Amino acid sequence: MKKIFFLASILLYSITIQAQTKLEYKLKKGNTFIIQQNAKQVITQETQGSSHELTNDITGEYKMKVIDNVNGNYIIEMSFTDLNMKMTSNLQGILMDIKAKEVTVDNPQSAMFNAILDVPVKISLSKNGDITTVTGGDKIINKMMNASGITDEATLKMAKESLSKEYGTNALASSFEQMTFLYPTTKVNVGDSWKNEYTGKLETKNNWTLQAYNTDETVLSCEADVVMMVKDVSANMDLTGTQTTKVTANSKTGFVKEMVVNGTASGNSTIPMLGDQKIPTKIISTITYKVIEE
């Protein structure tokens with residue numbers, strides 16, 4: 001009886017080991033992905049008994065192509081192929097409406113964002129999705145500045161600093177890591193969890209769980225604590241909150257097929273020209289990534 005029990009234990013142990021999965025990127029040189037990103041952010045600020053609501057709608061499209069494998073990291077060339085941004089105020093109407101592919105004389109910003117398109121940036125991606133380096137972000141900023149038509153040195157400097165926070169090398173690394181940095185460094189079973197962190201102006205402490213896995217699809221979920229600290233010449237924000245993420249990825253490549261990120265954060269804003277007055281602020285956001293071609 002003991003021998004039968006021992007053999008049964010060995011069999012169960014073997015099944016458990018076989019069920020463990022190494023989640024990682026398995027990319028080949030030449031793999032190309034066209035990703036569509038949609039983001040909606042609603043910022044609500046309460047001032048003197050009234051509510052000011054800003055809605056940012058951003059849609060973008062970019063191409064990511066694997067061009068090399070160096071020391072176990074994938075070298076990916078990324079370029080924006082489209083970018084549209086719209087900002088609407090409940091009090092003032094449309095504040096900004098930019099379509100990067102439609103350059104118009106009466107909207108100088110359109111030329112700046114048109115300059116972003118098709119400028120290659122190189123990303124070094126580890127097998128678990130951690131982005132180790134990004135090069136070429138400065139080229140994007142310089143092209144935007146050249147297209148801006150701004151000649152005043154002080155204004156150029158201020159604009160460059162502002163754009164660097166969104167499109168500079170470090171900003172791009174932080175932004176793309178939200179889509180790529182998904183996987184653990186050890187094998188896992190369905191139901192297992194692991195942790196990682198994103199840094200930047202949006203810092204998150206993530207707790208991932210493998211919800212389902214087969215040879216075609218990997219399904220992940222994530223619960224995260226969020227800290228958002230924004231420091232700008234026009235406004236500062238200090239917010240905390242939570243974020244949930246649902247991912248469906250291609251098990252053969254590890255690359256995301258679709259990803260939805262929902263976040264809520266609240267706290268206070270300050271406007272330097274108004275002194276230390278704290279403005280209660282809340283941000284609700286939804287970001288969707290979807291591979292539309294590969």
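How many bridges join β9 to β10? The count is 15, and the two strands run antiparallel; the views below start with the whole chain and come back to this pair.

**Figure 1. The whole chain, five helices and twelve strands.** Everything here is a predicted model, in which local features need pLDDT of at least 70, side-chain atom pairs count only at pLDDT 80 or more, and totals for chains, interfaces and linings use all residues. Residues are numbered from 1 along each chain as its sequence is written, and side-chain values use heavy atoms, with hydrogens and water left out. Helices (H or I, at least four residues) and strands (E, at least two) are DSSP runs, numbered from the N terminus. Along the principal axes, the C-alpha atoms fill a box of roughly 85 × 45 × 25 Å. Of the 294 residues, 41% are buried, where buried means under 20% relative accessible area, exposed over 50%, and partly exposed in between (1.4 Å probe, protein chains only). The accessible surface is about 16,300 Å², with 53% of it belonging to carbon and sulfur atoms; such areas come from the Shrake-Rupley method with a 1.4 Å probe, and for residues only the protein chains shown count as cover. Take the contacts (heavy atoms within 4.5 Å) between residues at least 6 apart in sequence: 57% of them join residues at least 24 apart.

**Figure 2. Strand β3 and its partners β2, β4 and β5.** Two strands pair here if DSSP finds at least two bridges between them. β2 and β3 run antiparallel, joined by 16 bridges, and Leu54 has Ser89 in β3 as its bridge partner. The hairpin they form leaves two residues between the strands, and Asn71 in that turn has a positive phi of about 50 degrees. Ser89 turns up again with Gly93, its bridge partner in β4. β3 and β4 (residues 93–99) pair in the antiparallel sense over six bridges, as a hairpin with three residues between the strands. Five bridges join β3 to β5 (residues 121–125), again antiparallel, and Ile75 is partnered there by Ser124. How many of the 17 residues of β3 are buried? Twelve are, which leaves the strand mostly covered.

**Figure 3. The hairpin of β8 and β9, with β10 alongside β9.** β8 (residues 202–213) and β9 (residues 217–231) pair in the antiparallel sense over eleven bridges. Three residues sit between them in the hairpin, and Tyr213 stands opposite Thr218 in β9. Back to the opening pair: 15 bridges join β9 to β10, and Glu217 stands opposite Asn250 in β10.

**Figure 4. Aromatic pairs, six of them in the whole structure.** Rings of Phe, Tyr and Trp (its six-membered ring) pair if their centres lie within 6.5 Å; planes under 30 degrees apart count as stacked, over 60 as edge-to-face and the rest as tilted. Phe33 and Phe255 are a stacked pair, because their ring centres are 3.9 Å apart and their planes are at 5 degrees. Phe33 is in strand β1 (residues 32–47) and Phe255 in the loop between β10 (236–250) and β11 (256–270), so this pair ties together parts that are 222 residues apart in sequence. Both Phe33 and Phe255 are buried. Tyr62 and Phe80 go edge-to-face, at 5.9 Å centre to centre and 80 degrees between the planes. Tyr62 lies in β2 (residues 50–70) and Phe80 in β3 (residues 73–89), so their pair ties together parts that are 18 residues apart in sequence. Tyr62 is buried at a relative accessible area of 1%, and Phe80 is buried at 8%. Tyr25, Phe33, Tyr183 and Phe255 form one aromatic cluster.

Figure 5. Helix α5 (residues 169–180) has twelve residues and reaches 16 Å from first C-alpha to last, close to the 16 Å expected at 1.5 Å a residue; the expected span is 1.5 Å times one less than the number of residues. Why is α5 largely enclosed by the rest of the structure? Because nine of its twelve residues are buried, among them Leu172, Phe176 and Met179. Asn189 counts as buried at 18% relative accessibility. A polar atom of the Asn189 side chain lies 3.2 Å from the backbone nitrogen of Gln20. The C-alpha atoms of Asn189 and Ala212 are separated by 9.1 Å, with the two residues 23 apart along the chain.

Conventions: Polar contact = N/O pair within 3.5 Å; in protein donor to acceptor, adjacent residues only side chain to side chain.
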